[in-house]
Each structure stands twice: as structure tokens, then as C-alpha cells.
Amino acid sequence: MDNRFATAFVIACVLSLISTIYMAASIGTDFWYEYRSPVQENSSDLNKSIWTDFASDEADEKTYNDALFRYNGTVGLWRRCITIPQNTYWYSPPERTESFDTVTKCISFTLNEQFEEKFVDPGNHNSGIDLLRTYLWRCQFLLPFVSLGLMCFGALIGLCACICRSLYPTIATGILHLLAGLCTLGSVSCYVAGIELLHQKLELPENVSCEFGWSFCLACVSAPLQFMASALFIWAAHTNRKEYTLMKAYRVA
């Protein structure tokens with residue numbers, strides 16, 4: 001194997017490993033989207049009701065999003081989290097001091113919630129099914145796992161290429177990484193579109209800001225790394241095979 005192709009293969013493997021780590025970390029963390037709101041110190045019956053509804057298995061889309069807006073919520077592909085006062089009171093709470101503590105409460109999305117229909121008017125089951133938001137949500141959940149699976153399968157093929165001391169199998173690895181990059185890019189696009197459509201349905205309260213979190217950024221970085229790894233794998237395998245064919249033809253001649 002020519003040193004050029006070996007170097008390209010090693011660089012592609014490193015890029016593939018980094019993108020796999022980024023994608024796995026992105027899937028497993030809860031900071032795809034973050035809301036920033038003033039800390040709610042008042043532990044009134046209304047707030048307690050919101051916290052209880054947020055943790056309920058029957059919480060609908062509007063219920064848990066209202067809690068996310070009010071209590072510094074973060075959302076991942078698998079979980080939703082809010083930040084609430086650690087010590088709650090049924091009577092009027094004491095004045096805030098420097099020791100005022102908060103705690104983060106997280107609730108996992110069930111598989112039923114991942115695949116359930118979204119409604120035109122969130123929380124109103126009589127408003128009809130919003131097919132666009134429904135399939136955007138399902139795609140943003142499924143595509144990252146497809147991407148991760150394709151990269152792992154490509155890694156197995158690359159391992160076989162190392163054992164065989166041949167670059168030919170790495171063409172398949174490059175194609176799999178290309179497909180993985182497209183899946184990652186698709187999941188990021190679906191997530192952005194879904195968030196924008198949700199905010200058109202549910203307006204943010206005053207003094208609440210929002211932004212994409214670092215988990216989302218990891219997925220965004222993973223996509224170009226996958227494309228670069230794919231290009232290097234395909235280039236090394238194709239060029240090496242071409243040079244080998246020319247050399248063989250020259251020897252025959």
C-alpha cells in the first residue's frame with residue numbers, strides 16, 4: 001500500500017472515530033435545545049401543578065412545553081428537563097438568599113411519545129393531526145440512530161480491510177459514511193424545522209430566551225466529519241485501485 005493512501009486511510013479513520021463519538025454524545029445528552037427564563041421562586045399551587053403535570057405520564061405536548069418555557073428547560077432526543085427550587089413551600093416562600101438552591105428534574109420520552117401524532121393546535125386533540133410536525137419529530141429521533149449504525153457497520157468493513165491489507169473494501173466504508181452524513185444532516189434539519197414550527201404554534205412568554213444547545217452543535221459538527229471521512233475513504237480506495245490496474249497493465253505490456 002502506497003504511503004499516500006495509508007495516510008489518507010488513517011486520517012479518515014480518525015475523522016470517523018471523532019464523528020462517531022460526537023454523534024453518540026449528541027444522542028445521549030439532553031441539550032439539543034435550551035430555554036432561559038427567570039428562576040421561579042414562588043412555590044404556589046399553580047407552579048406545583050405545573051411540576052406535577054410535567055412529570056406525569058399523560059403530559060401532552062403543550063403541558064411539558066409550558067413547563068420548559070417557565071423553568072429553564074432543556075430538551076434532548078430522549079429526555080426533557082426543567083430546573084425548579086429544591087425546597088418548596090405550601091405557604092409564601094422566604095426571601096431569596098445566596099443559598100437559594102435549584103434542582104434539575106428530567107423525564108424520559110417514552111417510545112409511544114416518540115411516535116405519537118402531533119396536533120395542529122398543541123394540546124388540543126380535536127384540532128387534527130399535523131402530519132408535517134409528526135414526521136419531522138419521528139425523523140429527528142430515528143435518523144441519528146441510523147447514522148450511528150451505518151458508521152459502526154462501516155468501521156467493521158474498515159477493520160476487514162486492515163486485516164486483508166487491501167483498500168478495496170474501503171469503498172463500501174466510504175459510501176456508508178456518506179449515507180451516515182446525509183442521515184445526520186437530515187436529523188439536524190428536521191430538528192430545526194420542528195422547533196421553528198413548534199414556536200409558531202406556542203409563543204414564548206416574555207423574558208424567555210432560547211437557543212440551540214451543545215448537543216445539537218455536536219451533531220452539526222459530526223456531519224461534515226462524516227463527509228470528509230467518506231471522501232478520503234473513497235479517494236484512497238479508488239485511486240489505489242486505478243494505480244494498481246495501470247501498474248498491472250504496464251507489467252503485462
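A: Happy to. A disulfide here is a pair of cysteine sulfur atoms within 2.5 Å. Keep in mind that this is a predicted model.

With that cut-off, a search of the whole structure turns up 1 disulfide. The bond runs between C81 and C106, with an S to S distance of 2.0 Å. This bond ties together distant parts of the chain: C81 belongs to strand β3 (residues 79–85) and C106 to strand β4 (residues 102–108), with the two cysteines 25 residues apart. As for its geometry, the link of C81 and C106 is right-handed, with 110° about the S-S bond.

The two ends of the bond have their own surroundings. C81 has a relative accessible area of 3% and is buried, while C106, at 29% relative accessibility, is partly exposed.

C190 takes part in no disulfide, and the nearest cysteine sulfur, that of C139, lies 4.6 Å away. C190 is also buried, at 13% relative accessibility.

Then there is C217. The closest cysteine sulfur to that of C217 belongs to C220, at 6.0 Å, and this is too far for a bond.

Conventions
Residues numbered from 1 in each chain as written. Predicted model: local features only at pLDDT ≥ 70, side-chain atom pairs only at ≥ 80, totals over all residues. Heavy atoms only, no water. Helix = DSSP H or I, 4+ residues; strand = E, 2+ residues; numbered from the N terminus. Buried < 20%, exposed > 50% of the residue type's maximum accessible area, 1.4 Å probe, protein only.
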